[in-house]
Amino acid sequence: MNKQKNTELNFLYMEEQKNTKKRKNIKPKNIVKTKKKNTRAGRGSAQESNTFNFDNEIVIGVTKIPDEKNTVTNNKKKEKTKVKDKNRKKKNIQKGNSNNRRTRENIDNIYKTKTKQTSKDSKRKNKIIKGIVKWTILLSALIASFIYFMMSPLFNLSEIQVQDNEKISTDTIISLSRLTIGDNIYKTSINKIKKNIKQNAYIESVEVKRKLPNIIQINVKERKTTYNLEYANSFVYINNQGYILDILENKLEVPIIEGYTTSGENMIVGNRLNDEDLEKLGTVLKIMESSSVNDISNLITKINISDKQNYIIFLEGEKKTVYLGDASNLSTRMLYLKAILTEERGIEGEIFVNGDLNKSNVYFRRKE
């Protein structure tokens with residue numbers, strides 16, 4: 001079949017070339033392109049090149065007739081590939097469905113477990129809430145009953161006891177507390193009672209106790225006047241902490257401090273001296289402590305603190321003035337002072353213990 005087709009095509013091809021030469025006088029090379037085979041030199045190669053092979057040649061305007069065997073095999077291959085593709089798609093779909101089923105089952109299981117947990121949690125929360133509500137109701141009832149019991153007439157105040165007071169009278173402390181006989185002892189808070197009593201400058205601390213059912217006890221600690229300040233024809237009473245306790249015309253039998261710098265505007269009962277005077281007051285306390293050890297404190301009537309490098313002590317009963325210096329080495333200076341006082345008893349003059357003690361610059365100078 002193929003050979004007959006090739007001969008027929010060769011014949012048609014030759015006839016076509018003759019007609020084209022007559023019409024246009026064009027060489028056949030411009031119409032047909034032939035593929036030359038690389039063969040060895042010989043007679044056979046020339047014959048094969050002159051023959052026309054339809055499978056290897058391309059002819060313009062002529063369609064190639066497909067081979068039936070090749071088309072059948074190609075169709076079979078395509079059908080096989082289609083079948084394989086369908087099978088693969090089915091398998092993939094089945095796998096996907098199985099995976100979807102598994103995921104759905106897992107999701108259902110998770111949802112069920114979550115719903116169980118949420119139901120359990122909700123039950124627990126409801127139990128806790130119910131318990132809290134019950135306990136709050138019970139506690140509120142107990143508190144209400146307790147408050148009602150405390151406000152009963154059984155706890156009405158019948159007595160106020162005041163202890164450890166010396167300077168301030170009992171009536172003054174009771175009036176400061178603002179307590180009234182017959183009132184409920186729980187009506188006023190303890191902190192408020194303390195605050196009211198401490199308005200008095202002599203009161204340093206307060207302790208308040210309720211003695212059931214109807215007694216209040218007040219314990220006070222008072223400040224004591226230890227020094228006087230001369231101010232505007234009167235005397236300012238202060239304690240060791242520099243608190244101004246009172247301002248009166250009467251002088252107390254305590255030493256007078258001179259040379260202070262606190263202004264008159266701050267000379268108010270309840271206030272304290274300024275920082276500079278408080279620092280010097282600390283040195284005065286050390287001087288008085290050392291003098292009491294040597295039995296001299298009862299002789300001191302005045303202390304001048306204007307110069308902290310040279311504190312001056314006045315012993316008016318002994319008619320002597322002592323220049324103490326900066327108050328360093330107080331124990332040694334007081335020993336020298338005590339010795340001079342015993343030697344120069346009853347003689348008016350000045351004692352100098354403000355020098356260098358290593359050089360024994362301690363001496364007494366009589367007043368002429």
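Guide: In this predicted model, strand β9 (residues 311-315) and strand β10 run antiparallel and are joined by five bridges. Within that pairing, Y311 lies opposite G325 of β10. The two strands form a hairpin with four residues between them, where K319 has a positive phi near 55°.

β10 also pairs with strand β11 (residues 349-352), here in the parallel sense and over four bridges.

Next comes the burial of β10 itself. The strand covers residues 320-325, and six of its six residues are buried, that is, under 20% relative accessible area. β10 is therefore largely enclosed by the rest of the structure. Its residues point two ways: K320, V322 and L324 go one way, while T321, Y323 and G325 go the other, and all are buried.

For the setting, the protein chain holds seven helices and twelve strands. Of its 368 residues, 28% are buried. Contacts between residues at least 6 apart in sequence include 48% that join residues at least 24 apart. The chain exposes about 27,100 Å², and 51% of that comes from carbon and sulfur atoms.

Conventions. Residues are numbered from 1 along each chain as its sequence is written. This is a predicted model: local features need pLDDT of at least 70, side-chain atom pairs count only at pLDDT 80 or more; totals for chains, interfaces and linings use all residues. Side-chain values use heavy atoms; hydrogens and water are left out. Buried means under 20% relative accessible area, exposed over 50%, partly exposed in between (1.4 Å probe, protein chains only). Two strands pair if DSSP finds at least two bridges between them. Contact means heavy atoms within 4.5 Å. Accessible areas come from the Shrake-Rupley method with a 1.4 Å probe; for residues, only the protein chains shown count as cover.
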